[in-house]
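Please read the following points beside the sequence and the structure. Each point takes up one topic.

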Amino acid sequence: MSVNLFAGMSVNLFAGMGSHQSARSETNTWFSPPDIVDALGGADSFDLDPCSHVDRPWATARQHYTQEDNGLILPWFGRVWLNPPYSIALITKFLGRMAAHDRGVALIFARTETDPFHRFVWGAASGLLFLRGRLNFHYADGSRAAANGGAPSVLIAYGAEDRDILAAAPIDGAFVPLRLNLSMLMPVLLPTWREALADYFAGRSEPVTLAELYRAFADHPKARANQHWRDKLRQVLQRGQFERVDKGLWQRRAAA
Ligand SMILES: C[S@@+](CC[C@H](N)C(=O)[O-])C[C@H]1O[C@@H](n2cnc3c(N)ncnc32)[C@H](O)[C@@H]1O
């Protein structure tokens, strides 16, 4: 995806290697900093790197595909490490495969507004880690490029397992969770059972029957998320803040 900003000047929306000022940047063969892969569990924790090179300085996964193999047409399996070649056409294809595969971590430039980013990252990933500062990638001999990659990078988790790994990884940056379902948000957004019951009793001057409590909480989101919510409600009633005044009849304990 190149746009012509001014006559004679075009900008690749995914390019970021400009600052390297090297013919090598034309080859798409920049290697990921090994400490990033290590911080995500190490090369042995990834089953496949679908776009690697025979001259790689170190492993990034247990198995690697190269350009000669064409990782776009071979089967993908297990946990995938993906740092795709720096061409918009290839990034789009590899990210599309990654989104469909839905397990692993990708490293790309944080071009968050572009169409592939919307389709295959915002619309498919489970979490993002926007890195602080810019990465210095590596040459095939393992040496680190003097200049940084020329653009901000983001690590992208696919699948719930890699969202958790990325969230906990010792990598400096800002983590953004995506695709959270209600059961994950519940503990953060909803009151605890103790708070919900305390609120209910606060509006009542008389003791309340268990049957009344069951009716009152039947449509509560916490009840809808837990098929054993009646057990949970009774359990909370028996803990300190409430007292049984008769069989099946409860009130809030008076403050001491
Ligand atoms: C940015 S480098 C990343 C290398 C390595 N994955 C890493 O993380 O260090 C992208 C690599 O993809 C390779 N590549 C390009 N097209 C490919 C294809 N169709 N299938 C597999 N690998 C490809 C390039 O040769 C290059 O080594």
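**Note on the predicted model**

1. The shell around the ligand consists of 9 nonpolar, 10 polar and 1 charged residues. Here Ala, Val, Leu, Ile, Met, Phe, Trp, Tyr, Cys and Pro count as nonpolar, Asp, Glu, Lys and Arg as charged, and the others, Gly among them, as polar.

2. The model is predicted, so local features require pLDDT of at least 70 and side-chain atom pairs pLDDT 80 or more, whereas totals for chains, interfaces and linings use all residues. Residues are numbered from 1 along each chain as its sequence is written, and side-chain values use heavy atoms, with hydrogens and water left out.

3. The ligand is surrounded by 20 residues, and S32, D49, C51, G71 and W81 are the closest; a residue is near the ligand if one of its heavy atoms lies within 4 Å of it. Strand 3 (residues 48–52) contributes the most to this shell, namely 4 residues. Helices (H or I, at least four residues) and strands (E, at least two) are DSSP runs, numbered from the N terminus.

4. An oxygen atom of the ligand lies 2.5 Å from a polar side-chain atom of S32. For T29, a polar side-chain atom is 3.5 Å from an oxygen atom of the ligand. A polar backbone atom of G71 is 2.9 Å from a nitrogen atom of the ligand. The ligand taken alone exposes 590 Å², and the protein buries 97% of that; accessible areas come from the Shrake-Rupley method with a 1.4 Å probe, and for residues only the protein chains shown count as cover.

5. Strand 3 also contains S52. Why does S52 count as buried? The reason is its relative accessibility of 13%, since buried means under 20% relative accessible area, exposed over 50%, and partly exposed in between (1.4 Å probe, protein chains only). Leaving aside residues up to four places away in sequence, S52 touches H64, Y65, T66 and Q67, where contact means heavy atoms within 4.5 Å.

6. In helix 4 (residues 160–168), the buried residues are D162, R163 and L166. Seen down the axis of helix 4, these residues fall within an arc of 110°, so they line one face of the helix; the arc is that of the directions from the helix axis to the C-beta atoms. The exposed residues D164 and A168 are on the face of helix 4 turned away from its buried side.

7. For the protein as a whole, there are 9 helices and 12 strands. Of its 256 residues, 41% count as buried.

How values were computed:
Polar contact = N/O pair within 3.5 Å; in protein donor to acceptor, adjacent residues only side chain to side chain.
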